[in-house]
Amino acid sequence: MGWFDKKRLGLALGGGAARGMAHIGVLQAFEEAKIPVDVVTGTSMGAIIGGMYASRPEVEPLRKKFEAYLKSEVFRRSRLDFAVERDQLNGGGLFFRFSQLARQKIFYMLSLTTLAFVSQETTNQSFAFLLPDIDIEMMSLPFATSALDLHSCREVVLQRGSLRQAVAATCALPGVLPPVELNSQLLVDGGWINAVPIIPARDLGADLVIAVDVGCHLGELDTVSSGLEVVFRADAAARNALSELQLTQADLVIRPDVGDNHWADFSRTDWLIRKGYEAANEQMPQIRALVNSRSFIESLGWS
């Protein structure tokens with residue numbers, strides 16, 4: 001039986017870096033409820049978790065592998081802790097504040113003078129640690145991810161070829177991880193063009209798509225002290241508006257309450273997973289109703 005022989009439930013996992021750990025909890029809730037996921041798409045961290053799951057649709061091995069990665073030397077070399085916003089009142093005094101400023105300046109300098117803060121070697125090692133070296137066509141579940149092509153400024157949906165290369169493309173956070181050259185395209189983080197890839201899930205054959213949004217939704221603006229902060233805020237507003245528009249294409253949206261977790265802070269992994277689990281379980285009656293109503297309609301031959 002091929003991928004397109006029957007109606008399917010698709011799960012579209014959004015980007016959000018560390019906040020994307022909540023996807024593991026969502027998958028755990030679906031597994032415990034015995035609701036099969038037939039199609040998986042993801043952007044950025046959603047593509048990492050989704051790619052791991054679509055390769056081997058079991059939650060516990062996925063969780064253990066990611067926890068091992070976070071304890072590994074490869075993850076330590078990524079140096080993502082530079083970006084975590086810390087409360088200055090609990091930051092360890094004046095020396096800590098100066099050291100944080102120095103590290104941030106090093107990041108900005110590297111971002112201006114090199115393609116990425118994290119080296120290509122470390123990036124490759126990270127994806128090799130987490131993902132099998134297989135083509136997407138060989139995965140247990142249909143899978144796709146989205147990236148932004150800097151040449152055409154259009155979305156590129158990756159659903160065949162190297163899994164590691166596709167995930168590296170959608171995770172290529174500008175300035176932090178290196179862009180991916182593929183078929184005359186220069187690909188970066190799909191979150192800039194499609195933070196939660198719902199339409200790609202439908203294109204893979206999903207009749208019902210549940211989106212998981214772990215984006216950081218905008219709160220009230222505090223005072224700004226630099227032009228760079230103004231640029232970041234305007235960029236965040238534009239991407240948030242695009243994401244909200246795209247989410248209307250889903251049949252149901254799960255929003256784990258993880259918005260206060262910094263994108264680079266992986267220190268609360270268990271808490272993030274639990275938040276995803278709780279959010280999915282809270283909406284499980286609606287999820288079951290959607291799945292059952294779809295099955296009933298199909299049984300009548302009305303679809």
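Thr122 touches Val74, Arg77 and Ser78 when residues up to four places away in sequence are not counted, a contact being defined as heavy atoms within 4.5 Å. This residue is found in helix α6 (residues 120-130), where helices (H or I, at least four residues) and strands (E, at least two) are DSSP runs numbered from the N terminus. Thr122 is buried, with a relative accessible area of 7%; buried denotes under 20% relative accessible area, exposed over 50%, and partly exposed the range in between (1.4 Å probe, protein chains only). Although 44 residues separate Thr122 from Ser78 in sequence, their C-alpha atoms are 6.5 Å apart in space.

The structure described here is a predicted model, in which local features need pLDDT of at least 70 and side-chain atom pairs count only at pLDDT 80 or more, whereas totals for chains, interfaces and linings use all residues. Residues are numbered from 1 along each chain as its sequence is written, and side-chain values use heavy atoms, with hydrogens and water left out.

For the chain as a whole, the secondary structure comprises 11 helices and 8 strands. Of the 303 residues in the chain, 48% are buried. Among the contacts in the chain with a separation of 6 or more, 76% are accounted for by residues 24 or more positions apart.

Helix α1 was examined together with its two helical partners. In α1, 8 of the 11 residues are buried, so this helix is largely enclosed by the rest of the structure; the buried positions are Ala22, His23, Ile24, Gly25, Val26, Leu27, Ala29 and Phe30. The axes of α1 (residues 22-32) and α3 (residues 59-70) come within 10 Å and cross at roughly 160°, where axes are lines fitted to C-alpha atoms, for helices over the stretch in contact, and angles run from 0 to 180 degrees between N-to-C directions. The two helices are therefore roughly antiparallel to each other, given that angles under 35 degrees count as roughly parallel, over 145 as roughly antiparallel, 65 to 115 as roughly perpendicular and the rest as oblique. The crossing of α1 and α3 is left-handed, a term applied if the near helix is turned anticlockwise from the far one by less than a right angle, with right-handed applied if clockwise. On the α1 side, Ile24, Leu27, Gln28 and Glu31 meet Val59, Leu62 and Arg63 of α3. By class, this contact of α1 with α3 has 4 nonpolar, 1 polar and 2 charged residues, with Ala, Val, Leu, Ile, Met, Phe, Trp, Tyr, Cys and Pro counted as nonpolar, Asp, Glu, Lys and Arg as charged, and the others, Gly among them, as polar.

Helix α10 (residues 269-282) packs against α1 at an angle of about 45°, with the axes 6 Å apart, which makes α1 oblique to α10. Here the crossing is right-handed. The contact is formed by Ala22, Ile24, Gly25, Val26, Gln28, Ala29 and Glu32 of α1 together with Leu272, Ile273, Gly276, Tyr277, Ala280 and Asn281 of α10, and the residues of this contact divide into 8 nonpolar, 4 polar and 1 charged.

Residues on either side of α1 were also considered. Ala17, in the loop between β1 (8-13) and α1, has a phi near 55°, a positive value in a residue other than glycine, and is buried at a relative accessible area of 18%. Lys34, in the loop between α1 and β2, likewise has a positive phi, near 60°, but counts as exposed at 71% relative accessibility. Further along, Ser44 lies in the loop between β2 (39-42) and α2 (45-55) and is buried, with a relative accessible area of 10%. Not counting residues up to four places away in sequence, Ser44 touches Gly15, Thr170, Cys171 and Asp189.

The largest nonpolar core contains 67 residues, of which Phe30, Ile48, Phe66 and Ile254 touch the most other members; such a core is a set of buried Ala, Val, Leu, Ile, Met, Phe, Trp, Tyr and Cys residues joined through side-chain atoms within 4.5 Å. Helix α2 supplies the largest share of this core, 7 residues. With neighbours within four places in sequence left aside, Phe66 is in contact with Met21, Met45, Ile48, Ile49, Met52, Leu130 and Phe266. A second, separate core of 14 residues includes Ala201, Leu204, Ala206 and Ala211.
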